Protein chains: 2
Amino acid sequence: MIDLDFKKTGGLLPAIVQDYKSGDVLMLAYMNAAAWENTLKTGKATFYSRSRDSLWVKGETSGHTQQVREIRIDCDRDTVLLKVDQIGGAACHKGYKSCFFTTVENGSETVTEEKIFDPDEVYKK
Amino acid sequence: MIDLDFKKTGGLLPAIVQDYKSGDVLMLAYMNAAAWENTLKTGKATFYSRSRDSLWVKGETSGHTQQVREIRIDCDRDTVLLKVDQIGGAACHKGYKSCFFTTVENGSETVTEEKIFDPDEVYKK
């Protein structure tokens with residue numbers, strides 16, 4: 001197992017997710033040791049959901065899983081970078097390709113991406 | 001001022017730094033409200049150093065500053081993405097272009113970037 005410095009921040013490390021082909025940064029989520037191990041074992045991006053307090057295989061509800069193509073760790077061993085194939089083309093639960101669909105410029109903010117799916121449709125009960 | 005959700009994580013938010021031209025993810029650091037405001041005001045990437053417990057204008061020692069070209073915030077307003085021109089071509093204090101110079105594959109890790117500068121030379125007393 002590749003050891004990361006989970007102790008520094010109380011058990012959770014940030015994981016950046018980047019589109020393998022386009023290089024777009026799609027999202028940031030958090031991993032505990034179990035999420036890290038599951039990602040390595042299955043090749044599916046797995047995080048720890050702080051709001052649900054549980055392991056979270058990205059896309060298990062929406063079907064928009066992330067197939068891991070490359071894994072990098074940083075110099076301090078406290079940040080992970082996953083390069084993935086984003087199934088369905090959208091990483092954000094709000095229906096955008098990336099969670100970073102808001103651009104800040106000159107003190108104001110603008111949505112600078114198009115919606116790819118309708119969240120009400122994808123997450124319907 | 002553009003408000004971010006600094007309360008959720010005790011005052012510090014992760015900020016991903018990406019090379020504006022190549023799309024390479026260079027590093028991840030943390031911002032408090034003062035770092036965020038200074039970044040917006042000066043156009044120079046500014047973080048909060050957890051180890052030094054102080055505001056940190058990236059590159060103030062090495063000269064390898066980061067000129068901000070684009071700012072994105074995520075859907076939860078708790079992560080920042082800076083697209084920057086990396087002066088000097090190297091973001092990592094260990095002399096590599098990015099902090100993510102280590103690739104993990106099949107249970108082992110390999111350094112997959114070349115060093116751009118010698119840290120002993122750049123950070124000499």
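Which residue of E7(B) does A:Arg72 stand opposite? A:Arg72 stands opposite B:Thr103. This is a predicted model: local features need pLDDT of at least 70, side-chain atom pairs count only at pLDDT 80 or more, and totals for chains, interfaces and linings use all residues. Residues are numbered from 1 along each chain as its sequence is written, while chains are lettered from A and ligands numbered from 1 in the order in which they are written.

**Shared sheet**
- An open sheet of 6 strands runs in the order E2(A)-E1(A)-E6(A)-E5(A)-E7(B)-E8(B), with mixed pairing.
- Strands are DSSP runs of E with at least two residues, numbered from the N terminus; two of them pair if DSSP finds at least two bridges between them.
- Strand E2 (25–31) of chain A and strand E8 (108–111) of chain B stand at the edges, each with a single partner strand, so one side of each has no neighbour in the sheet.
- From one strand to the next, the twist averages 30 degrees (axes are lines fitted to C-alpha atoms, and angles run from 0 to 180 degrees between N-to-C directions).
- Strand E5 (residues 66–73) of chain A and E7(B) run antiparallel, joined by 3 bridges.
- Strand E7 (residues 102–105) of chain B is joined to E8(B) by 4 bridges, also antiparallel.
- B:Val104 has B:Glu109 in E8(B) as its bridge partner.

**Interface**
- 24 residues of chain B are in contact with 24 residues of chain A (contact: C-beta atoms, placed from the backbone, within 7 Å).
- 100% of the interface residues of chain B are also interface residues in chain A, so the copies meet through the same surface.
- On the side of chain B that touches chain A, E5(B) gives the most, with 4 residues.
- That side of chain B has 13 nonpolar, 6 polar and 5 charged residues.

**Nonpolar core**
- The largest nonpolar core has 58 residues (buried Ala, Val, Leu, Ile, Met, Phe, Trp, Tyr and Cys joined through C-beta atoms within 7 Å; buried means 20 or more other C-beta atoms within 10 Å of the residue's own).
- Those with the most contacts inside it include A:Ile16 and B:Ile16.
- Leaving aside neighbours within four places in sequence, B:Ile16 is in contact with residues including A:Ile16, A:Val25, A:Leu28 and B:Leu81.

Technical notes: Contact = placed C-beta atoms within 7 Å. Nonpolar A, V, L, I, M, F, W, Y, C, P; charged D, E, K, R; others polar. Buried ≥ 20, exposed ≤ 12 C-beta atoms within 10 Å, placed from the backbone.
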